[in-house]
Amino acid sequence: MKKYKGGCICGEVKFTVNLDDKLRVYNCHCIDCRKKVGGMITIIDLREDAIEVDKTKLGTYEHLGGSGNLIKKYYCKKCTAPILTYVDKWKKLYLYAGMLDDISILKTANNIYYEDSHFPFMEIKENKIKL
Ligand SMILES: [Zn+2]
Ligand SMILES: [Zn+2]
């Protein structure tokens, strides 16, 4: 495990995150993610208590996912940049990968909900997995 730093575009939210050497990274092409941020998103599966962040600076938005599961999105209260998403079904917290200051560690990613709802112009040759 190594520590990495990140934050939002306005600089209000800063965090430190512990990540494994083998990262679990997903490109999510689902409609919910698209509607939340305006495009495909990339997230990193976090271990419990992996992130240190001042939660008072984060706003939250809850909605029900495709199969009726609660999903909670954390974003910067000031600039609204997405920081984290919590999926109740798996009791897992995910970090929006683009919030890392250094993205050179993101070598590969699995694509989820690609067949269902990817942008027609986006041809992906990397791993596609079905959930
Ligand atoms: Zn911000
Ligand atoms: Zn999604």
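How many helices and strands does the secondary structure of the chain come to? And which residues have the most contacts inside the largest nonpolar core?

Modeller: This is a predicted model, in which local features need pLDDT of at least 70 and side-chain atom pairs count only at pLDDT 80 or more, while totals for chains, interfaces and linings use all residues. Residues are numbered from 1 along each chain as its sequence is written, and chains are lettered from A and ligands numbered from 1 in the order in which they are written.

The chain has 2 helices and 11 strands. Both kinds of element are DSSP runs numbered from the N terminus, with at least four residues of H or I for a helix and at least two of E for a strand. Their order from the N terminus is β-β-β-α-β-β-β-β-β-β-β-α-β. The radius of gyration, taken over C-alpha atoms, is 14 Å, close to the 14 Å of the globule rule for 131 residues, so the chain is as compact as a globular protein of that length. That rule is 2.2 Å times the number of residues to the power 0.38. The C-alpha trace spans about 35 × 30 × 25 Å along its principal axes.

Of the 131 residues, 24% are buried. A residue is buried if 20 or more other C-beta atoms, placed from the backbone, lie within 10 Å of its own.

Now the core. A nonpolar core is a set of buried Ala, Val, Leu, Ile, Met, Phe, Trp, Tyr and Cys residues joined through C-beta atoms within 7 Å. The largest one has 24 residues, and those with the most contacts inside it are Cys28, Ile43, Ile83, Leu84, Tyr94, Leu95 and Tyr96. Two or more residues come from each of β2 (14-19), β3 (25-28), β4 (41-45), β7 (70-76), β8 (82-87) and β9 (92-96). The largest share, 4 residues, belongs to β9.

Two residues are in contact if their C-beta atoms, placed from the backbone, lie within 7 Å. Leaving aside neighbours within four places in sequence, Ile43 is in contact with Tyr26, Cys28, Thr85, Tyr94, Leu95, Tyr96 and Ala97. Across the chain, among contacts between residues at least 6 apart in sequence, 49% join residues at least 24 apart.

Conventions. Buried ≥ 20, exposed ≤ 12 C-beta atoms within 10 Å, placed from the backbone.
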